[in-house]
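User: Please take a close look at the sheet in the model shown below, and at the side chains packed around it. I would like one connected account, with the cut-offs stated.

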Amino acid sequence: MSTADDWLAFARLLLNGGEANGRRLLRPASVSRTTTNHLTTAQRDAGALFLEGQGWGYGGQVDVTPADPWNVPGRYGSVGGSGTAAHLVPSTGTVTILLTQVAMEDPTPPPLMRDFWRCVARV
């Protein structure tokens with residue numbers, strides 16, 4: 001992760017099918033492959049402790065099942081162990097970015113992240 005502005009620009013690029021400021025930077029097929037789950041059911045089952053209803057696209061998590069109120073199938077993003085999280089929801093055009101210094105102590109995101117996602121899910 002970089003800065004909130006960088007992640008927002010990247011999320012908008014993905015939401016816009018690979019275009020930014022009127023320029024094509026990624027092919028739509030590349031965006032689709034990036035934001036689509038590529039794990040098999042067996043792989044997801046084996047990683048259930050870490051994935052919590054998610055699969056994995058190219059470089060980020062992809063929500064596959066609504067395991068929590070904020071898990072919207074198709075939501076794409078990343079959670080960092082040092083307290084960062086950023087996601088985009090194509091169905092709503094929503095981008096969420098949380099940059100903290102609250103480190104993860106185990107595979108489950110800390111309450112701060114869960115509270116943030118819970119608030120965003122209500123909007």
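In what order do the strands of the open sheet run, and is their pairing parallel or antiparallel?

Analyst: This is a predicted model, in which local features need pLDDT of at least 70 and side-chain atom pairs count only at pLDDT 80 or more, whereas totals for chains, interfaces and linings use all residues. Residues are numbered from 1 along each chain as its sequence is written, and side-chain values use heavy atoms, with hydrogens and water left out.

The open sheet has 5 strands in the order 3-4-5-6-7, and their pairing is antiparallel; strands (E, at least two residues) and helices (H or I, at least four) are DSSP runs numbered from the N terminus, and two strands pair if DSSP finds at least two bridges between them. Strand 3 (54-56) and strand 7 (94-99) are the edges, each pairing on one side only, and the twist from one strand to the next averages 25 degrees, taken between axes fitted to C-alpha atoms, with angles from 0 to 180 degrees between N-to-C directions. Inside the sheet, strand 5 and strand 6 are joined by 4 antiparallel bridges, and Val79 stands opposite Ala85 of strand 6.

Strand 6 (84-89) and helix 1 each supply at least two residues to the largest nonpolar core, whose 8 residues are Trp7, Ala11, Leu14, Val31, Val62, Tyr76, Ala86 and Leu88; such a core is a set of buried Ala, Val, Leu, Ile, Met, Phe, Trp, Tyr and Cys residues joined through side-chain atoms within 4.5 Å. Helix 1 gives the largest share, 3 residues. Beyond its neighbours within four places in sequence, Leu88 is in contact (heavy atoms within 4.5 Å) with residues including Trp7, Ala11, Leu14, Tyr76 and Val95. Another core, of 5 residues, lies apart, with Trp70, Ala85, Leu98 and Trp117 among them.

There are 2 aromatic pairs, meaning rings of Phe, Tyr and Trp (its six-membered ring) with centres within 6.5 Å, called stacked under 30 degrees between planes, edge-to-face over 60 and tilted otherwise. Trp7 and Phe10 are edge-to-face because their planes stand at 90 degrees, with centres 5.8 Å apart. Trp7 is buried at 9% relative accessible area, while Phe10 is partly exposed at 34% (buried is under 20%, exposed over 50%, partly exposed in between, with a 1.4 Å probe and protein chains only). Trp70 and Trp117 form a tilted pair, 5.7 Å between centres and 40 degrees between planes. Trp70 lies in the loop between strand 4 (61-63) and strand 5 (76-79), and Trp117 in helix 5 (residues 111-122), so this pair ties together parts 47 residues apart in sequence.
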